[in-house]
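Good morning, everyone, and thank you for making the time.

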Amino acid sequence: MDYVLDTSALFSMQDLPSEARCFTTPGVIKELDRYGDRRSDLWGELLTVSEPTAASMRKVREAASRTGDSTRLSPTDVEVLALAMELKALVLSDDYSLQNLATYLGIPFKPVGLKGIKDLRRWRWRCTGCGRIFEKEMPDCPVCGSKLKSTLSKKD
Ligand SMILES: [Zn+2]
C-alpha cells in the first residue's frame, strides 16, 4: 500500500517507511520550506510529489462541510486527503481534523511521531477478526492473529 504523508508526519519522522512508496503534495513541500526544513531535499528521490485532481479536492471539501471539519482543515490537508483517495493510499498524519475526515471518507490512516504516542488514549485498535479493543497498536491481534484497525474512541 502507498503512503501519503502530511506535514506533521514528515516533521516527526526520521526516516521514510521503506516498505511503501511515499507520496506528498505540493502544499506540504511548501509548508516544509516555510519552516526551513531541508528534509524534503534529502528525501527528494524517495518522496514523490503529486497533485490531486480538482474533482477529488472538491469531494474532500464537500465531505468536510458535512462533518464540520471545514474550518479546521487547511488547503494542504484537503490536498493530502484528495491524493490519498485517488491513490487508495494510507495517510500518515498526526492531525486530528485530517484523521476524522479520513475516517468519514473511508481513507485508512496512521498517526506517527510523538504527538501520536502522547494521544494514544484517544485512539484504540479494534481487531478486525474477533472485535476485541486494544489500547495500543500491535502488529496483529494477540488473541486471534487478525489485523488491528485504529479507531477514534469516544471522549471519556
Ligand atoms: Zn482478534
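Let me start with strands S2 and S3, which run parallel and are joined by 3 bridges, and please keep in mind throughout that what you see is a predicted model. In that pairing, Thr24 is the residue that stands opposite Val49 of S3. If we widen the view, these strands belong to an open sheet of 5 strands, with parallel pairing and the order S3-S2-S1-S4-S5. Strand S3, residues 47-49, and strand S5, residues 109-110, are at the edges with a single partner strand each, so one side of each has no neighbour in the sheet.

Next, the interior. Nonpolar side chains in soluble globular proteins tend to be buried together. Here the largest nonpolar core holds 36 residues, and the members that touch the most others are Leu5, Leu10, Leu81, Val91 and Leu92. Among the elements that give two or more residues to this core are strands S1, S2 and S4, along with helices H1, H2 and H4, while H5 provides the largest share, with 6 residues. Taking Leu92 as an example, and leaving aside residues up to four places away in sequence, we find that it touches Tyr3, Val4, Leu5, Asp6, Ala9, Met13, Pro17, Lys110 and Val112. Apart from this core lies another, of 5 residues, including Trp125, Cys127, Phe134 and Leu148.

Cys127 leads us to the metal, so which protein atoms are the donors of the zinc ion? They are the SG atoms of Cys127, Cys130, Cys141 and Cys144, lying 2.3 Å from the ion, and along the chain these donors follow the spacing C-x2-C-x10-C-x2-C. The angles among the 4 donor atoms run from 98 to 120°, and the site is tetrahedral.

At the start of H6, a side-chain oxygen of Asp95 comes to within 3.1 Å of the backbone nitrogen of Ser97.

Note on methods. Residues numbered from 1 in each chain as written. Predicted model: local features only at pLDDT ≥ 70, side-chain atom pairs only at ≥ 80, totals over all residues. Heavy atoms only, no water. Core = buried A, V, L, I, M, F, W, Y, C linked by side-chain atoms within 4.5 Å. Buried < 20%, exposed > 50% of the residue type's maximum accessible area, 1.4 Å probe, protein only. Helix = DSSP H or I, 4+ residues; strand = E, 2+ residues; numbered from the N terminus. Contact = heavy atoms within 4.5 Å. Donors = N, O, S within 2.8 Å, 3.2 Å for Na, K, Ca; no water. Tetrahedral: all angles 85-135°; square planar, octahedral: opposite > 155°, others 65-115°. Polar contact = N/O pair within 3.5 Å; in protein donor to acceptor, adjacent residues only side chain to side chain. Pairing = 2+ DSSP bridges.
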